[in-house]
Amino acid sequence: MTGGARPGADVPAASQHEAAARPGDTAAGRVRPASRRGWPWVWALASGVVAAAAVRPPGAASDVRAAFAHAGGLRASWLGVAVAAEVVSLAGGAAAQRRLLSAAGVSLPWRTVSGVVFASTGLARVMPAGPVAGGAWQAAEYRRRGAGAAAGLRAVLAGGLTSTVASRGCCWPGPR
């Protein structure tokens with residue numbers, strides 16, 4: 001066994017990695033991990049957000065001052081209650097998604113499901129046709145992380161249906 005070859009292999013280790021790589025995955029003979037291939041888009045998006053924020057600080061500052069002027073009787077303690085309620089809501093959504101996935105035989109870590117649910121919720125709020133875009137992204141992420149297409153889609157649809165029914169039930173007018 002010489003030159004970094006694996007036991008039982010006829011080809012040195014470096015050649016095996018190059019043979020396993022897809023075109024465009026190599027940089028100077030090394031294979032980039034799959035998790036690093038998407039980083040240029042993230043950096044470009046982050047740069048755009050920072051540039052937009054840098055261009056508009058005076059206007060943003062006046063918007064914040066105006067918001068606080070209109071919120072004259074705002075109690076800061078209620079802001080803490082609202083933040084805590086949102087955290088509990090997101091944790092409940094993640095727990096429900098994890099439970100739905102485990103019913104389909106998929107075991108994903110709590111941290112992974114929480115991150116996907118949090119990001120999907122953000123996408124649903126800011127994208128056009130938000131709940132559809134967020135749900136489609138969430139199902140694709142579950143599939144990418146090892147859940148089958150059907151299991152991921154069922155978890156997202158069941159979670160969305162349950163959330164919709166529960167929120168409509170809270171807003172339903174009671175008997176008069």
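1. Start with helix α4. This helix has 28 residues and reaches 41 Å from its first C-alpha to its last, close to the 40 Å expected at 1.5 Å a residue. Its buried residues are Leu90, Ala94, Gln97 and Leu101. They pack against α5, α6 and α7. Gly105 follows α4 and has a positive phi, near 90 degrees. Please keep in mind throughout that this is a predicted model.

2. Now the overall layout. The protein has 7 helices and 2 strands. Along the sequence they follow the pattern α-β-β-α-α-α-α-α-α. The protein has 176 residues, and 16% of them count as buried. Its accessible surface comes to about 13,200 Å². Carbon and sulfur atoms account for 66% of that surface. Take the contacts between residues at least 6 apart in sequence: 34% of them join residues at least 24 apart.

3. Val117 is then in contact with Leu90, Gly93, Ala94, Gln97, Gln138 and Tyr142.

4. Helix α7 deserves a look next. It has 23 residues and reaches 33 Å from its first C-alpha to its last, close to the 33 Å expected at 1.5 Å a residue. Buried in this helix are Ala151, Gly152, Ala155, Val156 and Gly159. The cover over these buried residues includes α4 and α6.

5. Is Gln138 buried or exposed? Gln138 lies in helix α6. Its relative accessibility is 8%, so it counts as buried. Beyond residues up to four places away in sequence, Gln138 touches Gln97, Val116, Val117, Ser120 and Val156.

6. Leaving out neighbours within four places in sequence, Ser120 is in contact with Gly134, Gly135, Trp137 and Gln138.

7. Gly135 counts as buried because its relative accessibility is 15%. Apart from neighbours within four places in sequence, Gly135 is in contact with Ser120 and Val156. The C-alpha atoms of Gly135 and Thr121 are separated by 8.6 Å, and these residues are 14 apart along the chain.

8. The loop between α5 and α6 holds Ala129. Ala129 is not a glycine, yet it has a positive phi of about 55 degrees. Most residues other than glycine have a negative phi. Ala129 counts as exposed because its relative accessibility is 56%.

9. How many salt bridges does the structure hold? There are 2. Glu141 forms one with Arg144, the closest N and O atoms being 3.2 Å apart. The side chains of Glu141 and Arg145 meet in another, at 2.2 Å, N to O. Together Glu141, Arg144 and Arg145 are linked in a network of salt bridges. Side chains of opposite charge can pair when their charged atoms come close.

10. Glu141 and Arg144 are 3 residues apart in helix α6, so about one helical turn separates them. Glu141 is buried, with a relative accessible area of 12%. Arg144 is exposed, at 59%. Arg145 counts as partly exposed, at 34% relative accessibility.

11. Last, a surface feature. Leu79, Val83 and Val87 form a nonpolar patch on the surface. Together they have about 280 Å² of accessible area. Leu79 lies in helix α4. Leu79 counts as exposed because its relative accessibility is 55%.

Conventions:
Residues are numbered from 1 along each chain as its sequence is written. This is a predicted model: local features need pLDDT of at least 70, side-chain atom pairs count only at pLDDT 80 or more; totals for chains, interfaces and linings use all residues. Side-chain values use heavy atoms; hydrogens and water are left out. Contact means heavy atoms within 4.5 Å. Patches are made of residues with over 30% relative accessible area and no salt bridge: like charges are joined within 9 Å, nonpolar side chains (Val, Leu, Ile, Met, Phe, Trp, Tyr) within 5 Å. Accessible areas come from the Shrake-Rupley method with a 1.4 Å probe; for residues, only the protein chains shown count as cover. A salt bridge is a side-chain nitrogen of Lys or Arg within 4 Å of a carboxyl oxygen of Asp or Glu. Helices (H or I, at least four residues) and strands (E, at least two) are DSSP runs, numbered from the N terminus. Buried means under 20% relative accessible area, exposed over 50%, partly exposed in between (1.4 Å probe, protein chains only). The expected span of a helix is 1.5 Å times one less than its number of residues.
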